[in-house]
Amino acid sequence: MWSFFHKLGSPPWLYSISGVILRLLLPVTLVALGVGLTWGLLFTAPDFRQGNSYRIIYIHVPAAVVALAGYYVMAIAGAINLIWKMKMADVAMKAAAPIGAALTFIALITGAIWGKPTWGTWWVWDARITSMLILLFLYLGVIALYEAFDNKEAAGKACAVLSLVGMVNIPIIYKSVDWWYSLHQPASIKFTGESSIDSSMLYPLLLMIFSFYAVFTCCLLMNMRAELLQRETRTNWVRKLAAGGGRG
Amino acid sequence: MYFDSIEALLSMDGHGGFVWTAYLITMVVIAGILIAPVRRKKKFLQQLAGELKRAQAKPGNSQEDM
């Protein structure tokens with residue numbers, strides 16, 4: 001167990017094992033994404049009330065779910081860096097921010113596009129949508145704050161603190177549809193109790209949620225690998241890798 | 001397949017513009033976040049390989065010196 005954590009702190013080991021994981025996960029991700037998209041777009045019946053516009057659910061919900069999960073990854077990695085000064089946690093935190101921002105952007109833009117035919121408006125300043133917009137600003141804030149520092153150790157600490165403070169927004173996003181009056185519908189998938197979505201729509205949705213988690217994991221590992229190489233420029237293993245044309 | 005023609009698939013009873021735009025934007029963003037680290041890594045390694053070659057070409061310099 002402890003030897004695993006020791007290995008996790010070794011950049012060449014992390015670079016190598018993440019390469020193995022990516023070789024397996026990336027094809028699975030692309031296939032799952034392709035099947036999920038085709039299933040949701042072509043093989044499900046339209047919603048009886050919303051018609052075909054409901055098909056946006058297959059990208060909107062997975063993007064929102066994984067954008068929130070990505071924030072946990074970023075904040076927990078930041079906390080690990082603050083408490084145990086683990087450099088790889090700092091690499092993971094920095095790697096998670098742009099992916100989280102991209103997924104939050106997808107959730108917001110697809111939500112706006114779905115809102116027009118369903119609610120008659122692109123945007124409303126209700127609790128769910130506004131708190132998701134704050135999530136986007138938190139992700140962008142972490143990216144900007146990291147770039148603003150010349151000293152990367154200080155940048156890591158400042159971003160970790162910002163991520164942890166921003167955690168307060170996460171339960172607000174989850175509970176916003178219950179706490180405040182909102183145009184946004186409450187959750188359709190429930191872990192406890194019966195989901196309010198038909199199984200013919202639920203299965204492709206679950207596949208798309210899995211696909212988005214897989215996309216997040218692949219992007220996180222790829223961003224971490226690129227960041228590791230840049231941080232370890234002066235080491236022999238990176239120089240050997242560069243001299244060998246990047247194979248390894 | 002639910003739709004019986006390509007036209008029906010594209011129009012989606014009037015919602016096609018919304019649905020296809022949302023999917024297109026999503027795919028472009030996902031492709032972007034998947035490709036960006038690959039390009040960043042490739043560019044970095046090429047740059048470093050070039051630096052190493054130049055350093056080796058200089059007389060009296062070796063890789064270990066850097």
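**Helix packing and loop geometry in the predicted model**

In chain A of this predicted model, helix 4 and helix 8 pack with their axes 8 Å apart and at an angle of about 130°. Axes are lines fitted to C-alpha atoms, for helices over the stretch in contact, and angles run from 0 to 180 degrees between N-to-C directions. Helix 4 of chain A and helix 8 of chain A are therefore oblique to each other; angles under 35 degrees count as roughly parallel, over 145 as roughly antiparallel, 65 to 115 as roughly perpendicular and the rest as oblique. The crossing of these two helices is right-handed, a crossing being left-handed if the near helix is turned anticlockwise from the far one by less than a right angle, and right-handed if clockwise. On the side of helix 4 of chain A, the contact is made by A:V91, A:A92, A:K94, A:A95, A:A96, A:P98 and A:I99; helix 8 of chain A contributes A:F216, A:C219, A:L220, A:N223, A:M224, A:E227 and A:L228. Two residues are in contact if their C-beta atoms, placed from the backbone, lie within 7 Å. The contact residues of this pair divide into 11 nonpolar, 1 polar and 2 charged. Ala, Val, Leu, Ile, Met, Phe, Trp, Tyr, Cys and Pro count as nonpolar, Asp, Glu, Lys and Arg as charged, and the others, Gly among them, as polar.

Residues are numbered from 1 along each chain as its sequence is written, while chains are lettered from A and ligands numbered from 1 in the order in which they are written. As the model is predicted, local features need pLDDT of at least 70 and side-chain atom pairs count only at pLDDT 80 or more, whereas totals for chains, interfaces and linings use all residues. Helices (H or I, at least four residues) and strands (E, at least two) are DSSP runs, numbered from the N terminus.

Helix 8 of chain A (residues 199-231) also packs against helix 3 of chain A (residues 57-84), the axes coming within 9 Å and crossing at roughly 45°. Helix 3 and helix 8 of chain A are therefore oblique to each other, and the crossing is right-handed. Helix 3 of chain A takes part in this contact through A:I57, A:Y58, A:I59, A:V61, A:P62, A:A63, A:V65, A:V66 and A:G70, and helix 8 of chain A through A:P204, A:L205, A:M208, A:I209, A:S211, A:F212, A:Y213 and A:F216. Of the residues in the contact between helix 3 and helix 8 of chain A, 15 are nonpolar, 2 are polar and none is charged.

Helix 2 of chain A packs against helix 8 of chain A at an angle of about 150°, with the axes 8 Å apart. Helix 2 and helix 8 of chain A are therefore roughly antiparallel to each other, and their crossing is left-handed. The contact comprises 23 nonpolar, 6 polar and 1 charged residues.

Helix 4 of chain A (residues 87-119) has 33 residues and reaches 46 Å from its first C-alpha to its last, close to the 48 Å expected at 1.5 Å a residue; the expected span of a helix is 1.5 Å times one less than its number of residues. In this helix, 26 of the 33 residues are buried. A residue is buried if 20 or more other C-beta atoms lie within 10 Å of its own, exposed if 12 or fewer, and partly exposed in between, with C-beta atoms placed from the backbone. A:G120, which follows helix 4 of chain A, has a positive phi near 85°. For helix 3 of chain A, the end C-alpha atoms are 40 Å apart, in agreement with the 40 Å that its 28 residues should span at 1.5 Å a residue.

Helix 3 of chain A is followed by A:K85, which lies in the loop between helix 3 and helix 4 of chain A. A:K85 has a positive phi of about 55° although it is not a glycine. Most residues other than glycine have a negative phi. With 12 C-beta neighbours inside 10 Å, A:K85 counts as exposed. In chain B, B:D13 likewise has a positive phi, near 55°, and is not a glycine. B:D13 is located in the loop between helix 1 (6-11) and helix 2 (16-57) of chain B and is exposed, with 11 other C-beta atoms within 10 Å.

Chain B has 2 helices and 0 strands, and 17% of its 66 residues count as buried. Contacts between the chains involve 28 residues of chain B and 36 residues of chain A. The side of chain B that touches chain A consists of 20 nonpolar, 4 polar and 4 charged residues.
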